[in-house]
Amino acid sequence: MELVNSKEIFKSALENNYAIGAFNFINIETLKSILKAAEENKSPVIVQCSTGAIKYAGVDVLADICRLYASKMTVPVCLNLDHGKSFEDCKMCIDAGFTNVMIDASSLPYEENIELTKKVVEYAHSKGVTVEAELGVLAGIEDEVSASDEDAKFTDPKQAKDFVTRTGVDSLAVAIGTSHGTVKFKGEAKLRFDILEQIGNELPGFPLVLHGASSIPQDMVALAEKYGAKLKGSCGIPEDMLRRACAMNVCKVNVDSDLRLSFTAGLRQSLAENPENVDIRNYNKVGMELITNVVKGKMDNVFGSSNRA
């Protein structure tokens, strides 16, 4: 199957109140693990690369391996740029064959965010590529994206409507209290569902996106720590909160830290328990299996996307 853009998979998600997971990959191992889960669960899926992953592996390499693996899939696969910071970032990925790009100009003044987003939208749409933008700023650190708690700010619902109208963007990442990284809260987890509801009222039937939405499964934390990891304070977004958001026009949920955590736990376990092994494929395999299991669990129990392809 050819790669699809977000419009082709969000329509059903909105109509049927489920969300599609957007999972970050950096290499063949992480990509295969995600796609295996999607195929086995018969779920549409978004696989995405950050600018950091692109610097690590190369934009054409990542696009080509994704296109090749997707061609053998029976479920829809969308390839997304996660947190592009410039027009050049987005153009590079569009030209390489990405089918959705995110332009994150949320740190810029509002009018500059609109101007840059609109420029990306015009180029992307001319190539049949859909665009995600961001309004509001998430706290936390992940890959090349960071903001302090003081710099974080919630999305303004009225501004969201104006932004979408003026830019022509296809989906919008909103800030309601999620954050990047493995430590998302100090104390009790809280999301601003009142803001999410207001945004939905201002933009009925419009695809919304949650970034920083890993749940940081504690069994994976425990496994990694058992074999030497230091993950003090790790906590994520409770899955019941994510399920609630998925019923409120949120049709794309970004997950990265959970995959890093799971792969790391499996890798540590394999290396510790098999000190004689020097075959990279063998110890990668354990981490890959854990990623697949985590992704399948989210498709089944959180996003509701299983058997929707």
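A: Let us begin with strand pairing. Strand 2 and strand 3 (residues 77-84) run parallel and are joined by six bridges; two strands pair if DSSP finds at least two bridges between them. Helices (H or I, at least four residues) and strands (E, at least two) are DSSP runs, numbered from the N terminus. This is a predicted model, in which local features need pLDDT of at least 70 and side-chain atom pairs count only at pLDDT 80 or more, while totals for chains, interfaces and linings use all residues. Residues are numbered from 1 along each chain as its sequence is written, and side-chain values use heavy atoms, with hydrogens and water left out.

Q: Which residue of strand 3 is the bridge partner of Val47?

A: The partner is Leu79. On strand 1 (residues 20-24), which runs parallel to strand 2 and is joined to it by three bridges, Ala22 stands opposite Ile46. The chain passes from strand 1 through helix 2 to strand 2 in a right-handed β-α-β crossover; right-handed means that, with the strands pointing away from the viewer, the path from the first strand over the helix to the second runs clockwise.

Q: Why is strand 2 described as largely enclosed by the rest of the structure?

A: Strand 2 (residues 45-50) is so described because six of its six residues are buried. Buried means under 20% relative accessible area, exposed over 50%, and partly exposed in between (1.4 Å probe, protein chains only). In a regular strand the side chains alternate between the two faces of the sheet. Here Val45, Val47 and Cys49 point one way, Ile46, Gln48 and Ser50 the other way, and all are buried.

Q: What is found for strand 5?

A: Strand 5 (residues 130-135) is mostly covered, with six of its six residues buried. Thr130, Glu132 and Glu134 point one way, and Val131, Ala133 and Leu135 the other way.

Q: How are empty spaces read?

A: Rolling a probe the size of a water molecule over the atoms shows where empty space is left. On a 1 Å grid over the protein atoms alone, a cavity is a set of points where a 1.4 Å probe fits but cannot get out, and a pocket is an open set with protein on both sides within 12 Å along at least five of seven lines; lining residues have an atom within 4 Å of a point. Grid points are joined across faces, edges and corners, and a volume is the space filled by probe spheres set on the points. The second largest pocket has a volume of about 290 Å³. Of its 16 lining residues, the closest to the centre are Ile26, Asn27, Thr30, Arg260 and Phe263. Helix 11 gives the most to this lining, with four residues.

Q: How many cavities of 30 Å³ or more does the structure hold?

A: There are two. The second largest cavity has a volume of about 40 Å³, and among its lining residues are Ala13, Tyr18 and Cys246.
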